[in-house]
4 protein chains.
Amino acid sequence: MTLKCDVQYRRGDTGFKLTRVGVKNVHKPILVKREGANGALNGTLNCKVDISVDLPAEQKGSHLSRNVEVLTAVLVESISKPVSGLENVAADICRKLLEHHEYAITAEVDICAEYFKPSRTPFGRETLESYTLLAKGRVFRGEKVRKTIGVEVIGMTACPCAQQTVTEMLSCGGETPVMSHNQRNVCRTMLTMDEDVDVEADELIDLVEGAFSSPTYELLKRDDEGQVVINAHSSPRFVEDVARNVLKSLVAECKNLPDDVEVYVSSESEESIHKHNAFAERTATMGDVRREAGL
Amino acid sequence: MTLKCDVQYRRGDTGFKLTRVGVKNVHKPILVKREGANGALNGTLNCKVDISVDLPAEQKGSHLSRNVEVLTAVLVESISKPVSGLENVAADICRKLLEHHEYAITAEVDICAEYFKPSRTPFGRETLESYTLLAKGRVFRGEKVRKTIGVEVIGMTACPCAQQTVTEMLSCGGETPVMSHNQRNVCRTMLTMDEDVDVEADELIDLVEGAFSSPTYELLKRDDEGQVVINAHSSPRFVEDVARNVLKSLVAECKNLPDDVEVYVSSESEESIHKHNAFAERTATMGDVRREAGL
Amino acid sequence: MTLKCDVQYRRGDTGFKLTRVGVKNVHKPILVKREGANGALNGTLNCKVDISVDLPAEQKGSHLSRNVEVLTAVLVESISKPVSGLENVAADICRKLLEHHEYAITAEVDICAEYFKPSRTPFGRETLESYTLLAKGRVFRGEKVRKTIGVEVIGMTACPCAQQTVTEMLSCGGETPVMSHNQRNVCRTMLTMDEDVDVEADELIDLVEGAFSSPTYELLKRDDEGQVVINAHSSPRFVEDVARNVLKSLVAECKNLPDDVEVYVSSESEESIHKHNAFAERTATMGDVRREAGL
Amino acid sequence: MTLKCDVQYRRGDTGFKLTRVGVKNVHKPILVKREGANGALNGTLNCKVDISVDLPAEQKGSHLSRNVEVLTAVLVESISKPVSGLENVAADICRKLLEHHEYAITAEVDICAEYFKPSRTPFGRETLESYTLLAKGRVFRGEKVRKTIGVEVIGMTACPCAQQTVTEMLSCGGETPVMSHNQRNVCRTMLTMDEDVDVEADELIDLVEGAFSSPTYELLKRDDEGQVVINAHSSPRFVEDVARNVLKSLVAECKNLPDDVEVYVSSESEESIHKHNAFAERTATMGDVRREAGL
């Protein structure tokens with residue numbers, strides 16, 4: 001029996017177009033390979049994927065199963081020929097989406113995945129830390145794909161203001177850093193660029209970890225724990241400082257990034273002295289950021 | 001002792017401005033009163049509030065405690081003089097934020113709150129259903145506040161395509177609607193407008209509930225349960241249809257809304273036949289939507 | 001037409017009984033009144049309710065709509081005659097469940113609700129802080145209801161071990177407390193007792209807040225912020241200490257609680273130096289706890 | 001410098017023992033190998049791990065870093081010598097915890113991990129579906145480890161009661177199944193047993209998928225979508241039926257499981273006609289379940 005259900009092809013009852021129609025929270029493993037990256041990146045990433053295209057007014061429904069078909073095809077290809085970076089997977093899916101949805105003008109893909117990377121404590125002990133990789137693709141029919149590479153990194157901030165207040169209240173201070181409140185900070189950094197520009201996820205993670213009062217570690221023996229506390233209080237940083245330090249490092253370390261790369265940085269501190277969080281955020285282009293840095 | 005901690009006032013180390021700096025997930029009760037609305041709205045809403053302003057490059061830190069001070073002041077005022085609608089609370093906080101952060105050019109407030117509203121089952125039994133109210137305020141110094149009123153409503157969709165496929169596969173059909181897969185759908189509708197325009201949250205909820213295959217109810221006796229299933233299968237709707245039906249009703253029922261009102265509608269179905277969700281989304285102005293409707 | 005659907009009454013196909021069958025995440029407002037409590041408690045609580053009874057092997061289905069009917073009846077009663085405490089609401093629902101499910105031997109109810117309570121900062125400024133109230137009811141047919149009253153409170157811990165390590169590493173110390181890592185701690189305390197025993201939620205919250213290195217506050221001006229940091233580092237506490245301090249205070253302050261009251265205390269620290277949390281937990285009776293305290 | 005911080009070894013201030021002290025939400029990749037299982041299982045699982053031991057009254061703090069050390073050691077071992085099943089990893093960690101916490105009498109480990117397994121649609125098309133693996137270990141010093149293997153599986157239920165009600169209300173019926181409400185059901189099945197008993201995760205997943213009205217699939221072409229809807233409505237099942245069908249299959253298919261194996265089954269339906277969920281749960285031993293099945 002040939003099923004010719006054409007409900008989706010019917011003229012829409014209402015005449016309204018839709019900006020995005022698709023699927024959310026599709027879970028799939030994707031095999032990724034990246035030159036020069038650590039071993040952990042050359043492996044399978046457990047991905048959560050959102051996929052969508054636009055829908056013209058004259059069509060009743062989007063062919064949602066085609067989104068999962070395209071994703072599955074890319075996944076199967078990745079087994080024999082590992083892709084270099086989730087953001088390139090996202091861009092690849094975007095192009096294929098426009099081939100399979102002949103009525104669509106735009107396509108969007110969002111991927112996130114847990115990622116493990118080796119690190120070293122202050123006293124040089126090896127650890128394995130977890131991060132979140134973020135990748136996106138966006139395309140308008142007839143134009144080049146814009147892809148996004150991003151990372152979400154957990155670190156630690158110690159508050160400079162409370163440190164100064166305590167110093168005044170107790171008339172203490174001197175060479176030893178004074179106590180302050182400190183807490184987990186989650187920093188998210190995303191770069192959006194043309195498909196032919198490349199950024200390494202590992203380098204982006206290192207850059208973000210340098211922006212905190214201190215990175216954090218899953219395993220700390222006594223001396224390392226003490227050193228992390230001392231390091232954090234020697235580099236007290238507001239939630240604002242974390243975001244600004246990321247911008248500063250992007251300017252200093254990513255000199256080959258074109259001016260039209262879009263930058264998004266957010267920093268959120270789970271304040272130990274409050275029940276609520278503090279946050280800071282910047283949206284800009286690399287060109288804007290370089291101008292503000294006086295370049 | 002007068003503490004003169006001026007860390008925040010220092011020139012920023014990096015020279016970068018920040019788009020938004022503030023607090024997230026502050027929980028506070030706000031007393032709201034609205035003429036003509038049901039009794040449940042004339043009461044205390046448990047709100048989760050995000051508040052932020054921008055920060056110029058030359059200032060190291062934002063005065064975060066002022067955000068909570070402004071919120072607390074508005075809350076205290078609301079006890080003696082209940083505000084008409086959370087979106088007006090958000091707009092009010094926005095204005096006060098610019099007064100208290102003399103260095104800021106923009107201010108943003110996001111509020112969400114659980115809300116209960118009486119409803120009636122198909123056979124007329126009284127129920128009390130829960131919804132989420134969304135409210136926002138956005139202001140640029142020197143301009144008028146733009147406020148957003150939104151609702152998140154849970155309903156039910158039955159799939160028209162699977163219904164037709166089953167009809168063909170089983171050569172069934174006739175007067176009785178044929179089985180299909182059906183599921184929970186979460187529809188979010190938000191309208192952004194000038195401060196002097198008013199929309200009732202209750203009317204917006206009713207409008208969204210009419211867009212589903214059927215509303216859902218916390219308490220259904222046997223006949224009501226059967227009727228909800230019959231109603232849903234008599235009005236099978238794609239995830240796309242829910243979003244488009246909201247647009248259609250906005251055009252038909254909100255004739256007094258100016259053309260520059262921004263409209264956001266999203267519809268997400270927790271597909272019973274998949275482990276993932278399907279979604280549809282539209283971003284437009286009332287003017288766009290009216291033109292597409294042929295007005 | 002009278003619908004006599006008797007599917008649920010049919011003999012189960014399999015012959016297996018079930019421990020619990022019911023509904024989860026029913027959202028309803030409940031009006032609560034408690035003598036001597038603060039004004040905020042004498043009002044409407046937004047509750048999330050789980051309700052279940054057991055099901056004998058010989059019956060195919062539980063009458064789930066009766067659970068919501070019982071809840072609605074109690075809610076309606078609460079409007080004219082506010083109940084004293086959510087745990088008494090839970091106990092009341094339990095009794096009514098056994099009346100309406102004639103085949104059931106056990107009934108269980110779990111309620112949680114957000115709750116606001118006035119507090120004062122170290123320098124005496126008024127604040128309004130948010131907490132979670134927890135309440136349960138459990139009954140076996142023919143026996144008395146056992147009810148549970150519980151609270152979830154957010155506070156702050158500063159680590160005593162890192163503080164000592166830093167003191168040694170920097171050869172510092174003296175009268176001023178030394179820096180350490182500090183973080184949010186979530187402490188949950190629950191007491192299960194016979195229906196005729198009474199405990200005030202407000203007193204339980206105060207008792208738990210005294211167990212942290214310091215309580216936390218939504219609004220802190222400079223001096224209060226400094227004082228909270230100083231207080232926390234003057235009372236450094238492990239995640240274990242928080243749980244044990246709650247037990248100690250229960251022994252000291254709740255002398256009228258019978259020995260058969262069941263005690264559950266958990267403390268979870270969102271470690272600022274790690275990406276993971278630390279936790280400590282105790283399950284015991286008041287009798288056990290008193291014996292360990294040497295009484 | 002040798003740091004001799006002995007804060008944890010000090011006598012507890014309060015004299016109370018603690019039931020569990022440890023770490024939560026430690027993220028680590030673990031390499032697992034299992035004979036006869038599908039290829040996907042012979043690979044790296046992204047695990048979330050909770051680890052704890054008890055703490056005697058006379059000791060102030062638990063050595064929390066030892067928990068992560070033991071986990072890391074097991075993880076490193078797994079790279080050269082893959083372990084057969086997460087539940088055996090959990091049991092292994094349990095034994096090592098008692099070696100490293102000389103003061104502890106009990107140790108507990110909880111692991112959960114996302115898992116992908118190939119499946120086939122009704123018309124035989126290949127798909128890759130996602131599941132959650134659950135594993136636990138519990139040990140008392142001097143006794144054998146009890147380990148738990150569990151799975152969380154998403155499927156679909158169609159309601160038998162609404163189907164009968166609609167049949168009566170519309171006087172329809174016949175050979176074609178009548179419409180009903182249907183929805184996602186999440187079924188969790190866990191078996192707790194001695195360390196030398198073995199159960200395959202893949203077989204447990206298949207057994208649970210057979211308990212729904214129909215399994216669900218990430219990719220369905222038209223005919224498969226229609227068939228899933230027809231299959232589900234031909235096997236309408238209450239939330240209770242899913243739990244009981246799992247028990248029935250455990251009796252029929254796991255004849256070699258000892259009578260003292262502890263069984264936990266839960267089934268939760270995200271009701272399409274309500275905003276709340278329905279659930280059913282059973283706790284028993286294999287011996288109990290067999291007796292109820294008449295064996």
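Predicted model: local features only at pLDDT ≥ 70, side-chain atom pairs only at ≥ 80, totals over all residues.
Visitor: Which element gives the most residues to the side of chain D that touches chain C?
Guide: The contact takes 47 residues from chain D and 48 residues from chain C. On the side of chain D, the elements that give two or more residues are β1 (18–32), α3 (160–170), α6 (239–253), β9 (277–285) and α7 (286–292). With nine residues, the element that gives the most is β1(D).

Visitor: How many charged residues has the side of chain D that touches chain C?
Guide: Chain D puts 47 residues into the contact with chain C. By class, that side has 21 nonpolar and 15 polar residues, and the number of charged residues is eleven.

Visitor: In β1(D), which residue is the bridge partner of A278(C)?
Guide: Strand β9 of chain C, residues 277–285, is joined to β1(D) by five bridges, and the two strands run antiparallel. A278(C) has as its bridge partner in β1(D) the residue V23(D).

Visitor: Are α3(A) and α5(C) roughly parallel or roughly perpendicular to each other?
Guide: Two packed helices are described by the angle between their axes and the distance between the axes. For helix α3 (residues 160–170) of chain A and helix α5 (residues 222–234) of chain C, the axes come within 9 Å and cross at roughly 85 degrees. Angles of 65 to 115 degrees count as roughly perpendicular. The relation of α3(A) to α5(C) is therefore roughly perpendicular.

Visitor: How many nonpolar residues has the contact of α3(A) with α5(C)?
Guide: From α3(A), the contact is made by A162(A), T165(A), V166(A), M169(A) and L170(A), and from α5(C) by R222(C), E225(C), G226(C), V229(C) and I230(C). By class, two residues are polar and two are charged, while the number of nonpolar residues is six.

Visitor: Which residues of α3(D) meet α5(B)?
Guide: Helix α5 (residues 222–234) of chain B packs with α3(D) at an angle of about 85 degrees, the axes being 9 Å apart. These two helices are therefore roughly perpendicular to each other. R222(B), E225(B), G226(B), V229(B) and I230(B) of α5(B) meet, in α3(D), the residues A162(D), T165(D), V166(D), M169(D) and L170(D).

Visitor: In the hairpin of β3(C) and β4(C), which residue takes a positive phi?
Guide: Strands β3 (residues 106–120) and β4 (residues 126–140) of chain C run antiparallel and are joined by 15 bridges. Within this pairing, F116(C) stands opposite S130(C). The hairpin has five residues between the strands, and a positive phi near 85 degrees is taken by G124(C).

Visitor: What is the positive phi of G142(C) near?
Guide: β4(C) also pairs with strand β5 (residues 146–158) of chain C, in the antiparallel sense over seven bridges. One of the bridge pairs is K136(C) with T148(C). The hairpin of β4(C) and β5(C) has five residues between the strands, and the phi of G142(C) is near 95 degrees.

Visitor: Is S266(D) buried or exposed?
Guide: S266(D) is in strand β8 (residues 262–269) of chain D. Leaving aside neighbours within four places in sequence, S266(D) is in contact with R188(D), A243(D), F279(D) and E281(D). A residue is buried if 20 or more other C-beta atoms lie within 10 Å of its own. S266(D) has 21 C-beta neighbours inside 10 Å and therefore counts as buried.

Visitor: How far apart are the C-alpha centres of domain 1 and domain 2 of chain A?
Guide: The domain assignment of chain A gives domain 1 as 15–114 and domain 2 as 144–295. The distance between their C-alpha centres is 30 Å.

Notes. Residues numbered from 1 in each chain as written. Chains lettered and ligands numbered in written order. Contact = placed C-beta atoms within 7 Å. Helix = DSSP H or I, 4+ residues; strand = E, 2+ residues; numbered from the N terminus. Nonpolar A, V, L, I, M, F, W, Y, C, P; charged D, E, K, R; others polar. Pairing = 2+ DSSP bridges. Axes fitted to C-alpha atoms, helices over the stretch in contact; angles between N-to-C directions. Parallel < 35°, antiparallel > 145°, perpendicular 65-115°, else oblique. Buried ≥ 20, exposed ≤ 12 C-beta atoms within 10 Å, placed from the backbone. Domains from an automatic or database assignment.
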